Amino acid sequence: MKKILAFAGSNNSKSINKTFAKYATNQVDKATEFIDLENYDVPLYGIDFEDKNGIPEATQRLNEKISQFDFIIISSNEHNGAISSFFKNHIDWLSRNDRNFLKDKKLLLLSTSPGRGGAKMSLSYLVEVLPRFGAEVLSHFALASFGHCFSEEQGITDEEQKKEFEVALKKFKDKI
């Protein structure tokens, strides 16, 4: 059975990317597990810290969790045109623990923001970088103006963006 994992690259308790990732999981016909990266508390990555202390136990647990899934949905927030330092730190630790921590994983990458950019710059970064760790990005989508184009009850309310999301989601679901 194909297993799907979902999470957001945010440590904001009111994260719209967590909301968006959960929304996406509800659009997939298969059982999906959502995890919160905040439950995997790791220190700021540094080679001196790693040399002295090794790989954090939380990173090892997260790597083990990821290894159990075939497909992954990730929704990324954006800070100053890049992925959050919180998410980047997890990627850094995971790649030090296992350079190919995403080997054979099929990804749907998402992003959203309150503004018109939809966190496209962070999404673009992930589309380029995550294949370095073994991932295959099946599709990606950025939702602009989250507060105006999304509601908890209806999902994506902007028709044009909804159609674009459905195309990206179909590319992902077709491989499941």
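1. Glu 33 and Lys 65 form a salt bridge in which the closest N and O atoms are 2.8 Å apart, the term covering a side-chain nitrogen of Lys or Arg within 4 Å of a carboxyl oxygen of Asp or Glu. Because Glu 33 belongs to strand S2 (residues 32-34) and Lys 65 to helix H3, the pair ties together parts that are 32 residues apart in sequence. The structure holds eight salt bridges.

2. This is a predicted model, in which local features need pLDDT of at least 70 and side-chain atom pairs count only at pLDDT 80 or more, while totals for chains, interfaces and linings use all residues. Residues are numbered from 1 along each chain as its sequence is written, and side-chain values use heavy atoms, with hydrogens and water left out. Helices (H or I, at least four residues) and strands (E, at least two) are DSSP runs, numbered from the N terminus.

3. The axes of H3 and H4 come within 10 Å and cross at roughly 80°, where axes are lines fitted to C-alpha atoms, for helices over the stretch in contact, and angles run from 0 to 180 degrees between N-to-C directions. H3 is therefore roughly perpendicular to H4 (angles under 35 degrees count as roughly parallel, over 145 as roughly antiparallel, 65 to 115 as roughly perpendicular and the rest as oblique). In contact, meaning heavy atoms within 4.5 Å, Thr 59, Gln 60, Leu 62, Asn 63 and Ile 66 of H3 meet His 90, Trp 93, Leu 94 and Asn 97 of H4.

4. A search of the whole structure finds one cavity of 30 Å³ or more; on a 1 Å grid over the protein atoms alone, a cavity is a set of points where a 1.4 Å probe fits but cannot get out, a pocket is an open set with protein on both sides within 12 Å along at least five of seven lines, and lining residues have an atom within 4 Å of a point. The largest cavity holds about 70 Å³ of space, and its lining includes Phe 7, Leu 62, Ile 66, His 90 and Leu 94. H4 (85-97) and H3 (57-67) each supply at least two lining residues, with H4 giving the most, four.

5. The largest pocket contains about 190 Å³ of space, and helix H5 (120-129), strand S5 (136-143) and helix H7 (159-173) each supply at least two residues of its lining. H5 gives the most, with four residues, and among the lining residues are Arg 116, Lys 120, Glu 160 and Glu 164.

Key:
Points joined across faces, edges and corners; volume = space filled by probe spheres on them.
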